[in-house]
Protein chains: 2
Amino acid sequence: MNELIPRQELEFQLYEVLDTQSLCERLRFREHSRETFSAMLDTAERIATDRFANHNALSDREEPVFEGGKVSMRPEVKAGFDAYREAGFIGGRYDFEEGGLQLPETVMTACSGYFMAANPATAGYPFLTTAAANVIRSFASEDLKAAYLPRMLSGAFTGTMALTEPHAGSGLADIRTRALATEGNHYLIKGSKIYISGGEHELSENIVHLVLARMEGAPPGVKGISLFVVPRYRLRANGEPGERNDVTLAGLIHKLGYRGTTSTALTFGDNDDCHGYLVGEPHQGLRYMFQMMNEARLGVGFGAAMIGYRGYQLSLAYARDRKQGRAWNAPQPTDPMVPIIQHGDIKRLLLAQKAWTEGAMALCFYGARLVDDSHTLPDLDAREEAGELLDLLTPVIKAWPSEYGTRANDLAIQVLGGAGYTREYPVEQCWRDNRLNPIHEGTNGIQALDLTTRKLWQKHSRGLQILQQRMLRDFQSASGETRELAIRTGEYLKAFEAVLPRIGQDLQQQTPNALANAHSVLTAFGHILVAWMWLRQATAAETALANAPEGKRTAFYRGKLQAARYFIGHELPLIQRDLDILGRSDAVCASMSEDWF
Amino acid sequence: MNELIPRQELEFQLYEVLDTQSLCERLRFREHSRETFSAMLDTAERIATDRFANHNALSDREEPVFEGGKVSMRPEVKAGFDAYREAGFIGGRYDFEEGGLQLPETVMTACSGYFMAANPATAGYPFLTTAAANVIRSFASEDLKAAYLPRMLSGAFTGTMALTEPHAGSGLADIRTRALATEGNHYLIKGSKIYISGGEHELSENIVHLVLARMEGAPPGVKGISLFVVPRYRLRANGEPGERNDVTLAGLIHKLGYRGTTSTALTFGDNDDCHGYLVGEPHQGLRYMFQMMNEARLGVGFGAAMIGYRGYQLSLAYARDRKQGRAWNAPQPTDPMVPIIQHGDIKRLLLAQKAWTEGAMALCFYGARLVDDSHTLPDLDAREEAGELLDLLTPVIKAWPSEYGTRANDLAIQVLGGAGYTREYPVEQCWRDNRLNPIHEGTNGIQALDLTTRKLWQKHSRGLQILQQRMLRDFQSASGETRELAIRTGEYLKAFEAVLPRIGQDLQQQTPNALANAHSVLTAFGHILVAWMWLRQATAAETALANAPEGKRTAFYRGKLQAARYFIGHELPLIQRDLDILGRSDAVCASMSEDWF
């Protein structure tokens, strides 16, 4: 496995499906060109290969430990982090004048793909830092920005998001961490947080926790939550880290996978001396945090797609190399053994991985492009349109790749058979690492509820209408064999539209069925979106084939067409089950009584 | 979690669905009664709880190590193994006069369920010993039997099955291990085997490897394979273990799960002095081994169902206990928090686990009953009928529970959310342990081929005809609400029957489509079988409800009915996809070219 990600795949997604080059016509990106994008991809590939992939298995096997009052981890993690920050990736999206590289989200996403494929655990530290910096940049006072942003962008400080509390889990309405106003410019924070990724380590000079807490007298529920910057070390007048703030590590949490990223239980204000600095306005914390959360959700989905894709590539290499059994049409013991990739069931296991992970990847790139469009399209209405569509797609971009990326890793293990079940081969780690993704940044159950109860309906279903228009445009422009695929996808879209009134009715009448069947909404909608992504890839592949000069290798594009046939012929029909459940407002789950289990 | 398996569940399966009590009318079991069966279950539950569950996590965390020339493991493993063997479980199925307990397979299966739920890795050692002893008992000479059987039944010796070789994997036709005839009564064995479970340890005085090897001049392929007993220590004249045989541990294999069971690479005849003793006739080894393999396949399926069921029980207990969020009809922050079991999506995650694992359990018990029937029914034709049906069902009993048991464990993690992803909670181990089951004893791909190319057709599809008759009988006797469930299941059975000619045609014309789509055959057939199992459970539940005295707790039976509705309404329709693939002899997988990936 020389290549972490075949460059042809990334370039196909960026330039043949998405026309990323057109971004260079926009004001913000006019200093850029396909060449500068390629240079960034080269840098990402090199650092990911040399400084991230090198210790992916190692920092899984020798996970961080808490001893002697500090968290120690393999030195390769810091070397990787340093290479990443020194190359400027943390601030890759930021303005030139902020010290950033002013790169499009689409390109930064492609770069991040190398790191996620190479070592998702080490990638966690800088990714969280970027996300935390974005919140400070968007909502904090100029003073806070000046104090924290430059050092976060350089990677001198790292960031975390500290939302979850032990007693409340996904229920942010119930957080109990308190913020007590003082005479000074700080609040005193007191409470406990759990599952805080990157909450303790020695990679950086300081750790900047973004903490959700309640002020005295705040309204109950999510409307009474404020957001605070809580540094591990308070800053001196010169901006350098000074005395220890009252944040303590209650313990490291030992995970199934993603072991290289510390997961921590943190206590704020054990000695009633934890300083926190309010971000923006009181009681607006959840709204601010949701900017970070939405970005993180896109990141989780893409990471899941890339871990899934990495497993696919690893199992593909194994299947090409490993000889076992005979060809179906030469089955005698005296016939030669063949590579297992020639066996029909192995082709199925590989095709499913390809269809899920490249489909998920295309969906995530589509989302990244919407981020760019919502910020940089010249027309303001068009920006708003992109934002509305992104809002609708976010729960699916988080949940669908995380479910099917993990399933892809399951199939990668199966391709390797007994070898895949051993820790001597890397696919089992992919599976364990990826299993986090359906859980964090809002479980997939939460995503399904977000889609079912909010995103499909908000602003009179404007996001959905925009989507329908875009899909219909692509259906209409499909020709040749993709026309048939477009018709199939269109039928499922119609069927989905047909069950929406019933879901809406359930929600309005406040019956529990739609909530209990929310996973079917997510699955049906997700499959239709990914079928659309395959249609777009198939269309791009047909164009490439039509224009291919005599003798050019066309296998890549033929594979795209076959995977599109696979997804639309083998995977998409599964959602008929979900559509039927939704259409009849099935009550089986909702009416299951607790004591019947 | 006081109970490993709620006794009501086992008794329902044994006595309300299966009428296990009627076995006591048979000659072989006439010394037994429901009371003696219950006593065995009590013993199994006690030992499993006290001596197996106690170190399930421990021997996963501290897996066996090879040091100082021997394999060391936690002492609790030996204590568990000793308790198991001292209670007579290894020979539980054997004749009284052989020192056995002459218990039915059905009851022994139920007993084994406790051990699989408690600690599948430690259970591996005695289970493999029973399976190896069975082969020796069925096929070996009287001398070999006398030398090995009593010591294996007492657990003084343990057994293994040594089939797989590093270069050949699933392709047994290609094994290279050689057996050279000598002047004496032994052969000299030379070769390498891999993934040999229980291949090295200090639990017993001797390890009896059943080794597949080729004699000189043997025909190529599977028709030239012979079976040998190869002990770790050769036996002295008095039958006690004597000098070390030339079998060496090349290395321990480090697995994703099932870590407490050593997985070994073994070398036979490094010094050209490995004695092996031929079992039965030359070149009949694979046939003999298949007896062991078929038993092992039933065991793998049931183990997968039980690990799946254990995860269900653990996540159910968590969901009852853990409060988070609000009820759908009292969603205000000032409303009380509710246990997560009240949330619709959590009910779905629990119902799916219940439907898969209790359905799989019922299928495995049905298979166990067929084992009993094939050996002990008074009528010889009826025995043969049971045997034919068992033959047909074996690949499904192995594959379906191993696929859906593992999926159930995935959902158990999801119920626990962040907690489920940590090693502080036990569900992630269930998931890792269970992931072996779709791989060993013939991958699920191999099972799908066995079903598609052989089992559905052998003896003019006699097994299938027997099955159809039995299913139709159950459909016809369904009444009340189960009538509706029977009609649905019957429709899918008809649809499956309708695609069989097309599969047969593909196979006869030697086109690759049927082979490439074999997983769809397995899934469609498996789902129909499990739907039938749910119909049988629903019928038993309805009977119990009709006869329940006023005031008796009926929640258990209502849960069975709801799970039947769930399986037949939510899961069974998924196979329409597979039926369509088979009906059109879909060519997408088969025609995927290697270089298109």
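**A walk through a predicted two-chain model**

Visitor: What does the domain assignment of chain A give?
Guide: Domain bounds here come from an automatic or database domain assignment. For chain A that assignment gives domain 1 (7–142), domain 2 (157–283), domain 3 (284–438) and domain 4 (443–597).

Visitor: Before we go on, how are residues and chains labelled, and what pLDDT do local features need?
Guide: Residues are numbered from 1 along each chain as its sequence is written, chains are lettered from A and ligands numbered from 1 in the order in which they are written. This is a predicted model, where totals for chains, interfaces and linings use all residues, side-chain atom pairs count only at pLDDT 80 or more, and local features need pLDDT of at least 70.

Visitor: How many residues do domain 2 and domain 3 of chain A give to their contact?
Guide: The C-alpha centres of these two domains of chain A lie 33 Å apart. Two residues are in contact if their C-beta atoms, placed from the backbone, lie within 7 Å. By that rule, domain 2 of chain A gives 17 residues and domain 3 of chain A gives 11 residues.

Visitor: Which strands of chain A each supply at least two residues of the domain 2 side?
Guide: Strands (E, at least two residues) and helices (H or I, at least four) are DSSP runs, numbered from the N terminus. On the side of domain 2 of chain A that touches domain 3, two strands each supply at least two residues: E6 (206–215) and E7 (226–231).

Visitor: How many residues of each class does that side of domain 2 have?
Guide: Ala, Val, Leu, Ile, Met, Phe, Trp, Tyr, Cys and Pro count as nonpolar; Asp, Glu, Lys and Arg count as charged; the others, Gly among them, count as polar. On the side of domain 2 of chain A that touches domain 3, the classes are 12 nonpolar, four polar and one charged.

Visitor: Now the two chains. Which helix gives the most to the side of chain A that touches chain B?
Guide: The contact takes 76 residues from chain A and 75 residues from chain B. Several helices of chain A each supply at least two residues of this side, among them H9 (344–376), H10 (380–416) and H17 (555–571). With eight residues, the one that gives the most is H17(A).

Visitor: Is A:Phe268 buried or exposed?
Guide: A:Phe268 is found in strand E11 (residues 263–268) of chain A. A residue is buried if 20 or more other C-beta atoms lie within 10 Å of its own, exposed if 12 or fewer, and partly exposed in between; C-beta atoms are placed from the backbone. Because 26 other C-beta atoms lie within 10 Å, A:Phe268 is buried.

Visitor: What is the bridge partner of A:Gly191 in E11(A)?
Guide: A:Gly191 is one of the residues that A:Phe268 touches, not counting residues up to four places away in sequence. Two strands pair if DSSP finds at least two bridges between them. Five bridges join E5(A) to E11(A), and the two run antiparallel. In E11(A), the bridge partner of A:Gly191 is A:Phe268.

Visitor: How many residues lie between E4(A) and E5(A) in their hairpin?
Guide: Strand E4 (residues 178–181) of chain A is joined to E5(A) by four antiparallel bridges. A:Leu180 stands opposite A:Leu188 in E5(A). The hairpin's count of residues between the two strands is five.

Visitor: Where is the kink in H6(B) centred?
Guide: In H6(B), 17 of 20 residues are buried. The bend at a residue is the angle between axes fitted to the seven residues ending there and the seven starting there. The kink of about 25° is centred on B:Pro126.

Visitor: Is A:His460 exposed or buried?
Guide: A:His460 lies in helix H13 (residues 458–477) of chain A. Its phi is near 55°, a positive value in a residue other than glycine. Because 8 other C-beta atoms lie within 10 Å, A:His460 is exposed.
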